[in-house]
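Let's take a walk through this structure together. We'll begin on the inside and work our way out.

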Amino acid sequence: MFINNKNLLSGTMDQLKECCGVFGIFGDSKAAEKTYLGLYALQHRGQESAGIAASNGKAITLYKDMGLVCTVFSNPDILSGLKGSSAIGHNRYSTTGLSGLINAQPILIQFKGGQIAAAHNGNLVNALQLRKLMEEDGSIFQTTSDSEIVLHLIARSKKSSIEDMVIDALNRIEGAYCFIFLTPSKLIAVRDPYGFRPLCLGKDGNSHIVASESCALDIIDAQYIRSIDPGEVLIIDRNGIQSKQLPQKRRRAFCIFEYIYFSRPDSMIFGEKVDKTRRKLGKKLAEESPCEADIVIAVPDSANTAALGYAQASGIRFEIGLIRNHYIGRTFIDPDQNERDLDVKIKFNPVTGVLRGKRIVVVEDSIVRGTTLKKLVRLLRTAGAAEIHVRVSSPPVKFPCFYGIDISSRGELIASSSDVESICKHIGADSLAYLSVEGMLDAVPERKLHCTACFTGNYPTAVPENFCKEQFSAI
Ligand code: 5GP
Ligand code: MG
């Protein structure tokens, strides 16, 4: 949908969570097409909405809508309407709360410096506070997303160049962000000083590319150059590429959940291969929690790589015991039917020939509410598994995330109020073991550089006051 104010849906401020995929390219005559392909590769980071803003050097055109990248850009006229040699794109993550076109990105505004579009991955922890102050001051917001606040701060900055305005604005922001900004003549990419979310730099001939994960470079045959540093600001224009640093100095806090679940195994993030780290998580898990069993299976797809690591380290054969349907989309499930685990059956089907009579290790990447595994264990028993031993390639998720992983809005975190024994009972497995925090940290390249807050409660930033009181009292 081409955007005007009338076709924006209304929303409320109760949901400020964004975990997304971002992509940007400068200096390529096929900028919009390549952004489309980049977003395709980053689809796993967000399925709710997709958008591309392109610049022809004078003006920016934006197109965004609800849905998957292939649906939003299904009409070729749309891409050919996004003219120019620079573009940015965004996939928004589907959260349970507020959704709608109103919060789709990129966000495009007009201010004293002209047009600027922004695409954001992350979650700003002081967003509500800043927004309140600005609203009291008379600001009008078009969206309910935290990302728009940065555009307001840019517009209010007294600095003269756009890069200094961006730096000035980001100086007032706390939290997790990878931002890609597009002006008619520049592309500016920034990673927050903690480095919560991944962002990498690539090159293809004379064009520069920035993307959440390197799989978005592979799809357009671009070359991976490096991970963008925490606090680094890259300014790309026709004169080339320039690197600046945000003034804030913060500890490093790379999101460890990106390795466990979120990123694609074929990607490089934080300068490391996801596949390599995820396999190590599985190996560590096998060393810490061995099991007498006939086969190892994964809960596909997110636990596949960790399950391979478990199988390799334990010497137990890896089998494909569950098949996942990838073509689900939005499915209406009658609550009565759901009592028969229809939601899980729509997604997974057991391979009975592999499972019947076998003692199986089921490797899962994480347990959040415990609902997936509870239903899966029932499904595996019906398929004839003799014993079901669940092994989880991350520690118990006990604390909400404020930095962009949708862990707080998922309602109850089962491990915040139950111990491993009761969770095992709840899901109906014969045994259950999680990877330890130490084991997890052994698997990542540099243990001190990571955020482990969802497992340990050690938050790298101040915790937003109004956010969590009741969630903490439940822990
Ligand atoms: P549970 O059913 O315990 O609430 O959720 C655990 C399952 O959700 C696991 O299969 C895991 O792969 C998946 N998962 C973990 N984190 C996320 C996330 O941020 N988004 C989505 N959609 N799934 C997740
Ligand atoms: Mg999963």
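This is a predicted model: local features need pLDDT of at least 70, side-chain atom pairs count only at pLDDT 80 or more; totals for chains, interfaces and linings use all residues.

Setting aside neighbours within four places in sequence, F257 is in contact with F262, S366, V397, I405, I407, C454 and F455.

F257 belongs to the largest nonpolar core, which has 51 residues, and together with Y403 it touches the most other members. Which elements give two or more residues to this core? They are strand 14 (254-255), helix 8 (257-262), helix 9 (274-288), strand 17 (295-298), helix 10 (304-314), strand 21 (359-364), helix 17 (437-443) and helix 18 (453-456). Domain 1 (21-253) and domain 2 (274-450) both contribute residues, so the core lies between them. There's another core apart from this one, made of 30 residues, including I154, I188, V190 and L246. As a general point, nonpolar side chains in soluble globular proteins tend to be buried together.

Next, find H450, which sits in strand 24 (residues 450-451). Is H450 buried or exposed? Its relative accessibility is 5%, and because buried means under 20%, H450 counts as buried. Leaving out residues up to four places away in sequence, H450 touches R251, R252, A253, F254, I256, Y259, V444 and P445.

Take Y40, which is found in helix 1 (residues 31-41): with a relative accessible area of 39%, Y40 is partly exposed.

Methods
Residues are numbered from 1 along each chain as its sequence is written. Chains are lettered from A and ligands numbered from 1 in the order in which they are written. Side-chain values use heavy atoms; hydrogens and water are left out. A nonpolar core is a set of buried Ala, Val, Leu, Ile, Met, Phe, Trp, Tyr and Cys residues joined through side-chain atoms within 4.5 Å. Buried means under 20% relative accessible area, exposed over 50%, partly exposed in between (1.4 Å probe, protein chains only). Helices (H or I, at least four residues) and strands (E, at least two) are DSSP runs, numbered from the N terminus. Domain bounds come from an automatic or database domain assignment. Contact means heavy atoms within 4.5 Å.
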